[in-house]
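Work through the exercises below with the sequence and coordinates open. Each task is followed by a solution in steps.

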Amino acid sequence: MPDMERWPTGRLLSTAARLVEHAWNEKLRGMGLTHAGVIVMEVLAVKGPTTQSMLAQTVRVQAQTMGKTLARLEAHGHVSRTRSISDRRSQVVSLTEAGVHTLGLATQLEGEVLDPVPVDTAKLRRELQALVRELANNTSSAAVSEIVAASDPGASQGEAHS
């Protein structure tokens with residue numbers, strides 16, 4: 001591996017994120033999940049049943065990308081889709097009981113990815129949360145604010161966290 005001592009912090013963060021996501025996806029594959037699927041399931045667990053288009057907006061993906069993710073989740077019994085009563089063109093997506101159970105297992109697996117790493121993962125998590133919030137607070141970009149709000153609905157702009 002190239003000399004990481006010379007890498008800028010952004011490259012270290014990006015590489016670490018990709019490695020963690022890859023390792024987590026390897027563990028999730030046996031449950032018929034991907035990282036993207038877990039994100040969708042987490043949104044459903046918090047928000048409850050919602051339309052496919054609202055899910056796509058919430059997780060910031062194209063509708064067709066969401067459709068593919070939902071097809072995989074539905075094929076494995078993690079979610080169900082039904083026609084909306086108020087708008088027959090829309091589908092309402094719900095987390096199934098099996099999906100709730102699988103989401104719990106997926107959350108456990110995420111923790112296991114970092115278990116062998118000799119770092120204080122709780123401290124790392126707090127530091128990363130602070131980093132994300134501070135970077136979001138220091139930018140006037142609406143897109144950045146929306147990303148943070150979507151991933152941390154309890155955080156408000158300008159709120160200091162540590």
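**Exercise 1. Fold inventory**

How many helices and how many strands does the chain have?

Solution. The model is predicted.
Step 1. Counting the elements gives seven helices and three strands.
Step 2. Taken in sequence order, they follow the pattern α-α-β-α-α-β-β-α-α-α.
Step 3. The chain has 162 residues, and buried residues make up 27% of them.
Step 4. Among the contacts with a separation of 6 or more, 46% join residues 24 or more positions apart.

**Exercise 2. Salt bridges**

Find the salt bridges in the whole structure, and classify the accessibility of each partner.

Solution. Step 1. A search of the whole structure returns three salt bridges. Side chains of opposite charge can pair when their charged atoms come close. The cut-off to apply is a side-chain nitrogen of Lys or Arg within 4 Å of a carboxyl oxygen of Asp or Glu.

Step 1. Arg 29 pairs with Glu 26, with the closest N and O atoms 3.1 Å apart. Arg 29 is exposed at a relative accessible area of 53%, while Glu 26 is partly exposed at 40%.

Step 2. Glu 112 and Lys 27 form a salt bridge at 4.0 Å, N to O. This pair links distant parts of the chain: Glu 112 belongs to helix H5 (residues 97–114) and Lys 27 to helix H1 (residues 9–28), 85 residues apart. Both partners are partly exposed, Glu 112 with a relative accessible area of 37% and Lys 27 with 36%.

Step 3. Arg 81 pairs with Glu 74, and their closest N and O atoms are 3.0 Å apart. Arg 81 is partly exposed at 22% relative accessibility; Glu 74 is also partly exposed, at 33%.

**Exercise 3. The largest nonpolar core**

Which residues of the largest nonpolar core touch the most other members?

Solution. Step 1. The core holds 21 residues, and the ones touching the most other members are Leu 28, Leu 33, Leu 55 and Leu 70.
Step 1. At least two core residues come from each of H1, helix H2 (35–47), helix H3 (52–59), helix H4 (63–75), strand E3 (91–95) and H5.
Step 2. H2 gives the largest share, five residues.
Step 3. Take Leu 55 as a test case and set aside residues up to four places away in sequence. Leu 55 then touches Val 40, Val 43, Leu 44, Thr 50, Met 66, Leu 70 and Val 93.

**Exercise 4. Helix H1**

Compare the span of H1 with the expected value, then find what its buried residues pack against.

Solution. Step 1. H1 has 20 residues, and the distance from its first C-alpha to its last is 28 Å.
Step 1. At 1.5 Å a residue the expected span is 28 Å, and H1 is close to that value.
Step 2. Thr 15, Trp 24 and Leu 28 are buried in H1.
Step 3. The buried residues of this helix pack against H2 and H5.

**Exercise 5. Rings and backbone**

How many aromatic pairs are in the whole structure, and which residue has a positive phi of about 60° although it is not a glycine?

Solution. Step 1. The search for aromatic pairs finds zero.
Step 1. A charge does sit over a ring: the charged end of Arg 11 is 3.9 Å from the centre of the Trp 7 ring.
Step 2. The backbone case is Arg 60, with a positive phi of about 60°.
Step 3. Arg 60 is in the loop between H3 and H4, and Arg 60 is partly exposed with a relative accessible area of 41%.

Notes: Residues are numbered from 1 along each chain as its sequence is written. This is a predicted model: local features need pLDDT of at least 70, side-chain atom pairs count only at pLDDT 80 or more; totals for chains, interfaces and linings use all residues. Side-chain values use heavy atoms; hydrogens and water are left out. Buried means under 20% relative accessible area, exposed over 50%, partly exposed in between (1.4 Å probe, protein chains only). Helices (H or I, at least four residues) and strands (E, at least two) are DSSP runs, numbered from the N terminus. A nonpolar core is a set of buried Ala, Val, Leu, Ile, Met, Phe, Trp, Tyr and Cys residues joined through side-chain atoms within 4.5 Å. Contact means heavy atoms within 4.5 Å. The expected span of a helix is 1.5 Å times one less than its number of residues. Rings of Phe, Tyr and Trp (its six-membered ring) pair if their centres lie within 6.5 Å; planes under 30 degrees apart count as stacked, over 60 as edge-to-face and the rest as tilted. A charge sits over a ring if NZ of Lys or CZ of Arg is within 6 Å of the ring centre and within 35 degrees of the ring normal.
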